[in-house]
Amino acid sequence: MSKKNPSQQDLETMPTYSDFLKKFKRSRLFEPSLGILGFFLVTICVLFCFFYLNYRTVAKGLRPSMKSDRFLWLKFNGSGEDRRVEFLDENGGGCDLFEGDWVWDETYPLYQSRDCGFLDDGFRCSENGRPDWFYTKWRWQPTDCNLPRFDAKIMLEKLRNKRLVFVGDSIGRNQWESLLCMLSSAVPKKDSIYEVNGSPITKHKGFLVFKFMDYNCTLEYYRAPFLVLQSRPPNGAPIKVRTTLKLDQMDWSSSKWRDADVLVLNTGHWWNYEKTIRGGCYFQEGMELKMDMTIDGAYRKSLDTVVDWIHREVNSRKTQVFFRTYAPVHFRGGDWKSGGSCHLETLPELGSSLVPSQTWARYNTFIDVLSYHSNTSKLEKLNIMYITIMSSRRKDGHSSLYYLGPELGPAPIHRQDCSHWCLPGVPDAWNELLYALFLKKMNSSKLQSPV
């Protein structure tokens, strides 16, 4: 069928191109569109400048008002008059180190992962393909005082002829490796730092002891994720019971770290269904199995055992004991086994919306146990590092996709690690707090010692 031709009348009533153009101009369609487009382009330019220009330059002219709640965490190094006391000064002892903000600092990080030979591949995020570096630039700033700048040479000198021991789960190992890198950065001869048993640091279970030969000191890690003893079940136990946690006994390795000069403990990440009941690990007190005991109840009893053990077994005149609170995870849309993610997070946040409820449950249980013992003398030997709230803002600091090693590249998007932390990164801040508390205690002991 041939295409129908238009009639003469149709041609006369059909609008011409010039008519259409006149109507188009009168409609001014482009004016609001250009306005929107202009606003969009300006916004993009501001964001681009914010992220890619030198932060100190931006801070001089475009710094947001710090009175705004929205920007409480977004502060810049060296901006404004600093009237805070120094924590190590005599009048700095009342400062709460764990209340503060994350501030951008161009002098950070304290080391580069490529320069540290004491890191698991899983913590080397930049070498494993992470494209941004913002997570390395944030420094913890207490509200009412200034932390001393970390000085590896000073700490090594203070640790001369001493043992500093970390005990706990893999997040504790994360912190231990962070301190290894921080301290080794001040040692020119890296071969003077070695594992005393010749054990490799990668994928090693049990314990590791690294000696700094020039200072005759050791930095040690003992794997004890529950802190209490995990062992075989008693005779006559149901077949589904493969192991038990003896809630009234410390881990078998406790005799090895009881006499350390500095002892840093942590636990919490293994106190969940996956690591206990699902794997056939139940709870035990004395010779009695507690088949109906909840995980939270067992966790509480284990903390009581740890506090009692420190009170009974640790010589406070020799040993400084630190207990680091639970480090938060930041999974969005699931957890480690159900597609949870954090790989798109590149900046800290004001709140802690990505932190799951179980993080606060673990933290609150710990606080409850401390409150229970607060009226006794058992807490006198214990220094608590309250890092949970400050770390809850650092959704940007996890290994996410970048934990498999440089040869394998990023992990599948549904198998992300939003528990462990990139190094350099958040655990460095924990160690800066440890450094400040350690020096404060050492200075205090020096003042109290007889002449």
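Predicted model: local features only at pLDDT ≥ 70, side-chain atom pairs only at ≥ 80, totals over all residues.
Visitor: Why is glutamine 141 called buried?

Guide: Glutamine 141 has a relative accessible area of 8%, and buried means under 20%, so glutamine 141 counts as buried. Its place is in strand β4, which covers residues 138-142, and glutamine 141 touches Arg84, Gly100, Asp101, Val103 and Asn146, leaving aside residues up to four places away in sequence.

Visitor: What makes the pairing of the side chains of glutamine 141 and arginine 139 a polar contact?

Guide: The two side chains make their contact at 2.9 Å, and a polar contact asks for a pair of N or O atoms within 3.5 Å, one able to donate a hydrogen and the other to accept it, so the value lies within the cut-off.

Visitor: How do you know that a disulfide joins cysteine 116 to cysteine 181?

Guide: The distance from S to S is 2.0 Å, and a disulfide is a pair of cysteine sulfur atoms within 2.5 Å, so this pair meets the definition. Cysteine 116 sits in the loop between β3 (100-104) and β4, whereas cysteine 181 belongs to helix α6, so that the pair links distant parts of the chain, 65 residues apart. A disulfide is a covalent bond between the sulfur atoms of two cysteines.

Visitor: What makes the disulfide of cysteine 116 and cysteine 181 left-handed, and are these two cysteines buried or exposed?

Guide: The torsion about their S-S bond is about -85 degrees, so the disulfide is left-handed. Cysteine 116 has 5% relative accessibility and therefore counts as buried, and cysteine 181, at 1%, counts as buried too.

Visitor: Why is the pair of cysteine 125 and cysteine 422 called a disulfide?

Guide: Their sulfur atoms are 2.1 Å apart, and the cut-off is 2.5 Å, so the pair qualifies. Cysteine 125 is in the loop between β3 and β4 and cysteine 422 in the loop between β18 and α11, a link between distant parts of the chain that are 297 residues apart. The torsion about this S-S bond is about -90 degrees, so this disulfide is also left-handed, and both cysteines are buried.

Visitor: What makes one space a cavity and another a pocket?

Guide: A cavity is a set of points where a 1.4 Å probe fits but cannot get out, whereas a pocket is an open set. The search finds one cavity of 30 Å³ or more, and about 80 Å³ of space lies in the largest cavity. Its lining has eight nonpolar, two polar and two charged residues, and helix α11 (residues 426-448) gives the most, with three.

Visitor: Which residues lie nearest the centre of the largest pocket?

Guide: Of the 42 residues that line the largest pocket, Ser170, Lys275, Asp417, Ser419 and His420 lie nearest its centre. The space in this pocket is about 1,600 Å³, and β18 gives the most to its lining, with four residues.

Methods. Residues numbered from 1 in each chain as written. Heavy atoms only, no water. 1 Å grid on protein atoms, 1.4 Å probe; cavity = no way out; pocket = protein on both sides within 12 Å on 5 of 7 lines; lining within 4 Å. Points joined across faces, edges and corners; volume = space filled by probe spheres on them. Helix = DSSP H or I, 4+ residues; strand = E, 2+ residues; numbered from the N terminus. Nonpolar A, V, L, I, M, F, W, Y, C, P; charged D, E, K, R; others polar. Buried < 20%, exposed > 50% of the residue type's maximum accessible area, 1.4 Å probe, protein only. Contact = heavy atoms within 4.5 Å.
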